[in-house]
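This briefing concerns selected helices and strands of one structure. Please consult the sequence and the model shown here.

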Amino acid sequence: MMQYTDRHFRYLARIMSQRARLYTEMIVCEALLRGRPERFLAHSDFEQPVALQLGGCDPKKLSTAAKLGEQAGFCEINLNLGCPSSRVKSGRFGVALMGEPQLVADCLTEMSSAVNIPITIKTRIGIAQNDSYEELFKFVEAIDGSGTKAIIVHARKAWLDGYSPRENREIPPLRHDLVHQLKHDFPHLTVVLNGGLSSKSEINHHLQHVDGVMLGRAAYKTPFLLATVDNAFFESVTNNLVDRFDIFHQYIEYARVQINAGTYPRHIAKPLHYLFRGQPGARQWRRHLSEYCTRSNAGIDSLQSALKWVERTTP
Ligand SMILES: Cc1cc2nc3c(=O)[nH]c(=O)nc-3n(C[C@H](O)[C@H](O)[C@H](O)COP(=O)(O)O)c2cc1C
């Protein structure tokens, strides 16, 4: 998620779950290739398994970008076919590409022949009036066999005109049933459902129909949920780290190294904002981080002193 799932958030997420696959924000292919790709690709091995998401529509450029991603150590390259922002639309990528299945197939073919790691896509269920299951079926049929074996579906259509990106994440109704149907009709594809999930019971329900689920806003706004997913959904994993304070203390060691290396404290603090959500003192904790970690003299102490607002509780 752009502006959110940066490397610092992913580090925090990995402290909480050893198994959940993490995704970068969408990196625009042109920006990546313009120079200094390490600026966009920097991450820690600790984040693995972590996938790189690209936005673009030029098969050659995307395959070069995918190669850079593979060399940088990402375990999967995901092509964004779901972003509805006007900037993305004018660049002829994101969800606009759902209207150009042949171009998508060409991109996937080039990308998959350039790298040895999986190429995946993230789509919506449709665009504007083209939102019937038949249209979705035809789109997936057209790209099936062109280099991707996995498809993540945000179970909402997008409107290219009239709705902001935010509205496009909230107003078009969720149609989880279409994603279930897609798995039924393309059993050889790995189908991952995304959109509106925030509880283990919802996840359990959908896992009866699809191969996996992706959490978006819930991962960011209730990050502690991630501390429970290994035990709940992955076999033979025992994640003993179930205490927010332990998570914080592990993250603070990373924060110390990052801040010493010149990272702004406000960037390091941002993923922590909702760690104590629902706990006594959570609001003051957030306010403290917003206020003290953005000051010019902020440092590791500005993070550590936020602890005074939250009480030790059992999760
Ligand atoms: C602030 C924000 C940024 C997002 N950025 C991306 C992105 O870079 N790539 C992407 O595939 N989806 C992006 N999304 C969409 C989410 O991945 C997800 O598909 C959508 O929010 C629905 O899932 P959710 O209800 O679990 O949040 C973004 C969503 C939000 C709220």
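How many residues does helix α6 have, and how far does α6 reach from its first C-alpha to its last? Helix α6, residues 101-114, has 14 residues and reaches 20 Å, close to the 20 Å expected at 1.5 Å a residue (1.5 Å times one less than the number of residues). The model is predicted: local features need pLDDT of at least 70, side-chain atom pairs count only at pLDDT 80 or more, and totals for chains, interfaces and linings use all residues. Residues are numbered from 1 along each chain as its sequence is written, and side-chain values use heavy atoms, with hydrogens and water left out.

**Helix α6**
- Leu 103, Val 104, Ala 105, Cys 107, Leu 108 and Met 111 are the buried residues of α6 (under 20% relative accessible area, 1.4 Å probe, protein chains only).
- These buried residues pack against several elements, among them β2 (50-55), α4 (59-72) and β6 (148-154).

**Strand β1**
- Because 6 of the 7 residues of β1 (residues 22-28) are buried, this strand is largely enclosed by the rest of the structure.
- Strand β1 pairs with β2 in the parallel sense over 5 bridges (pairing requires at least two DSSP bridges).
- Leu 22 stands opposite Val 50 in β2.

**Helices α7 and α9**
- The axes of α7 and α9 (residues 176-185) lie 11 Å apart, and the two helices pack at an angle of about 45°.
- Tyr 133, Leu 136, Phe 137 and Val 140 of α7 make the contact with Leu 178, Gln 181, Leu 182 and Asp 185 of α9 (heavy atoms within 4.5 Å).

How values were computed
Helix = DSSP H or I, 4+ residues; strand = E, 2+ residues; numbered from the N terminus. Buried < 20%, exposed > 50% of the residue type's maximum accessible area, 1.4 Å probe, protein only. Axes fitted to C-alpha atoms, helices over the stretch in contact; angles between N-to-C directions.
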